[in-house]
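Try each task before you read its solution.

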Amino acid sequence: MANDKKRDQDEYFEDRAGTDDARFHVVPHDEEGWAVKKEGDDEPAYTADSRNDAVDEAKRLAEEAGTMVYIHGDDGKIEEQLEYGDK
């Protein structure tokens with residue numbers, strides 16, 4: 001069942017990858033850092049030492065794009081979602 005949920009999530013993100021609906025995710029990165037990743041992009045759009053810096057940049061990018069931000073915790077689970085624009 002967990003594999004089905006993961007597969008559904010992957011398909012959901014693939015559908016939005018490279019589109020104006022692509023959203024930004026703040027995720028743990030490397031050993032102690034944080035990254036802002038846009039759905040569909042392998043490389044981070046931004047990296048930071050602190051989660052707060054990554055969240056601030058994700059908010060700025062999402063507001064500019066009129067899309068959403070998903071903020072993940074240390075465990076990778078989504079803790080908060082923010083919406084910008086009418087999408």
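## Charges in a predicted model

**Exercise 1.** This is a predicted model. With which side chain does the side chain of Glu39 make a polar contact? Then look for a salt bridge.

*Solution.* 
- Step 1. The side chain of Glu39 makes a polar contact with the side chain of His25, at 2.9 Å.
- Step 2. Locate Glu39: the loop between strand S2 (33-38) and strand S3 (46-48).
- Step 3. Glu39 is buried. Its nearest side chain of opposite charge is Arg23, 5.1 Å away.
- Step 4. A salt bridge must fall within 4 Å. Glu39 has no salt bridge.

**Exercise 2.** How many salt bridges does a search of the whole structure find? Trace each one.

*Solution.* 
- Step 1. The search finds three salt bridges.
- Step 2. Glu79 and Arg51 meet at 2.8 Å, N to O. This pair links distant parts of the chain: Glu79 is in strand S5 (residues 78-83) and Arg51 in helix H2, 28 residues apart.
- Step 3. Glu57 and Arg60 meet at 2.8 Å. Both lie in helix H2, three residues apart, about one turn of the helix.
- Step 4. Glu64 and Arg60 meet at 3.2 Å. They are four residues apart in helix H2.
- Step 5. Shared partners join Glu57, Arg60 and Glu64 into one network.

Methods
Residues numbered from 1 in each chain as written. Predicted model: local features only at pLDDT ≥ 70, side-chain atom pairs only at ≥ 80, totals over all residues. Heavy atoms only, no water. Helix = DSSP H or I, 4+ residues; strand = E, 2+ residues; numbered from the N terminus. Buried < 20%, exposed > 50% of the residue type's maximum accessible area, 1.4 Å probe, protein only. Lys, Arg positive; Asp, Glu negative; His and termini not counted. Polar contact = N/O pair within 3.5 Å; in protein donor to acceptor, adjacent residues only side chain to side chain.
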